[in-house]
Amino acid sequence: MCGILGYIGNREAYPILIKGLHRLEYRGYDSAGIALINRENSKLNIYKTKGRVSDLEEFTKGKDISGTVGIAHTRWATHGEPNHINAHPHYSQSENLALIHNGIIENYAVLKESLIRKGYVFQSETDTEVLVQLIEYIKTDNNTDISTAIQLALKQVIGAYAIAVVEKENPDLIIAARKSSPLVVGIGQDEFFLASDASPIIEYTNQVIYLNDEEIALIHRNEQLRIINLSNVEKTPQITLLEMSLNELEKGGYPHFMLKEIFEQPRTLRDCMSGRLNTGNGRVVLSGIIDHREKFINARRIIILACGTSWHAGLIGEYLFEEFCRIPVEVEYSSEFRYRRPVIYPDDVVIAVSQSGETADTLAAIELAKQAGAFVYGICNVVGSSIARNTDSGSYTHVGPEIGVASTKAFTAQVAVLTMMALNIAREKKTISEQQYLALLSELSGIPGKIETILQQNRYIEDLSKIFTYAHNFIYLGRGYSYPVAVEGALKLKEISYIHAEGYPAAEMKHGPIALIDNEMPVVVIAINSTTYDKMTSNIQEIKARKGRILAIVNKSDCKVREMADYTIEIPDTEECLSPLLSIVPLQLLSYHIAVKKGRDVDMPRNLAKSVTVE
Ligand code: G6P
């Protein structure tokens, strides 16, 4: 949610910043901007425009883009509509300072009012401009240096921020700070980079420092990086070596990241399970669980906290933990959990699921759970992310960077981790028979191969998608383990094609959605072999009786549903509890192709962002 970036060194900053902005564009893409200090004429130039980074490149053509220090921003609007005035960077009143920001300054209105009374004039509707004006006011009023002014200003701020500031008369310095929004500093040879995540940095250096909350990085040209906190205590920078590779950030011949990521799933699931799932000795090794075995075995309850697609993975986790571990589970939207007074016991185990590891609501919900004394386990994809660092223990999903805004490979890996956790705990608790445990282990290890066979139907699913581009509404239905898949399938369609879609438990259809069904309404039913297969066939009859058009996801061995459905997509047979790992794949492909046919920007759908660092 907004990407921020900075460079200081001996090279020209502009090309590095533009390239980096492209990498961060998944975080927000309604406007973009750049600030560069030209030492020759002592100018601090800001260029910004509504639209994408490519629009910014167009806009800067023929302009003075020289400078070896600069900051840049790609925006997902919170305060103020997406236009060039609200785009970052923002100048201070004297135009001596420029600032970029990811997050929300919650008390901006009060601060703004007081600055207006002091004679400050605002250009934009953003909360960010308040911060840069406040820094300038404090600097002038207290006659202090820029870093002290930033410290004092940030002490007045309520909310979340990752910021970077440059000062016209100080072309050898960038100051960056964070609280609840991510910020990474890259250390190169005589140069420094800063960014919301490591993706723009990796091609220049693999040495990075993840800033902690309320830390300020003083990034001086040709000097050692210094980190201080808001109270001016010096911190020792902890260098982390990045393991990400550049190839993972490219499309690799695919037209979109989303399609690449769908096709990567056999490999990413193998990576996710590698070294953890051992069919040879019948063991599931998740060190995060082994180290805290007693917590899981004695858990009174499991609470799963997540948002979006990760929440859907959490729903599958609920079915798994309850079926195999016999532990009661609640799956909570982080945003709801944090704002009510949830009952949390010290012997609850809280599992936070998050691809980015930066989702603001999930982070805040974790804090609440920790305060209540619960043990918190994180399932994250981004290594070193805030959630990974703020939980007691956890497992990474290891799928590499997910860039398409619609989550695909992260979802299947989250489900795989939850499955491995459930199997591990169930065996420890002896709530699963050895025979069933070993059978599931073996079946799970074969899932990547089965996904490969589903992906071979890509062309067929693409053809099928043409039939559905007319639709304005879709219903997705499933029961049991297929219910979360229905909800996730509907989300995939609506977020990238802008077709309204609802995911429902099939039996609930009678309580409302059935009223919507007519001969124009496509109904996607996940009708795989399961304990509720016969019930599902009755639900399909009910749709048929109302002339709904049925697209059914069925098993290879299916006969009955195939006869009733208008169209079918086959998936290989598997155990019911593992079926979401297969049944979601054709739904990902279906959404992708419908969205492409409708001319949508599937990797950067309107209004969305990959990493939601605001509440
Ligand atoms: C956004 C993304 C979704 C993601 C959700 C939760 O809405 O577009 O793909 O599922 O945030 O994000 P997280 O990083 O916590 O999984």
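Modeller: Residues are numbered from 1 along each chain as its sequence is written, and side-chain values use heavy atoms, leaving out hydrogens and water. As the model is predicted, local features need pLDDT of at least 70 and side-chain atom pairs count only at pLDDT 80 or more, while totals for chains, interfaces and linings use all residues.

Biologist: Is I202 buried or exposed?

Modeller: I202 lies in the loop between strand 10 (192-195) and strand 11 (207-210); strands (E, at least two residues) and helices (H or I, at least four) are DSSP runs, numbered from the N terminus. Buried means under 20% relative accessible area, exposed over 50%, and partly exposed in between (1.4 Å probe, protein chains only). Because its relative accessibility is 12%, I202 is buried.

Biologist: Which residues does H312 touch, not counting residues up to four places away in sequence?

Modeller: H312 belongs to helix 10 (residues 308-325) and is buried, with a relative accessible area of 6%. Contact means heavy atoms within 4.5 Å. With those sequence neighbours left out, H312 touches F411, P484, V487, E488 and L491.

Biologist: Why do the buried residues of helix 7 lie on the same side?

Modeller: In helix 7 (residues 265-273), the buried residues are Q265, P266, T268, L269, C272 and M273. They lie on the same side of helix 7 because the arc they cover around the axis, taken from the directions from the helix axis to the C-beta atoms, is only 170°.

Biologist: Which residue with a positive phi follows helix 7?

Modeller: The phi of this residue is near 75°. The residue that follows helix 7 is G275.
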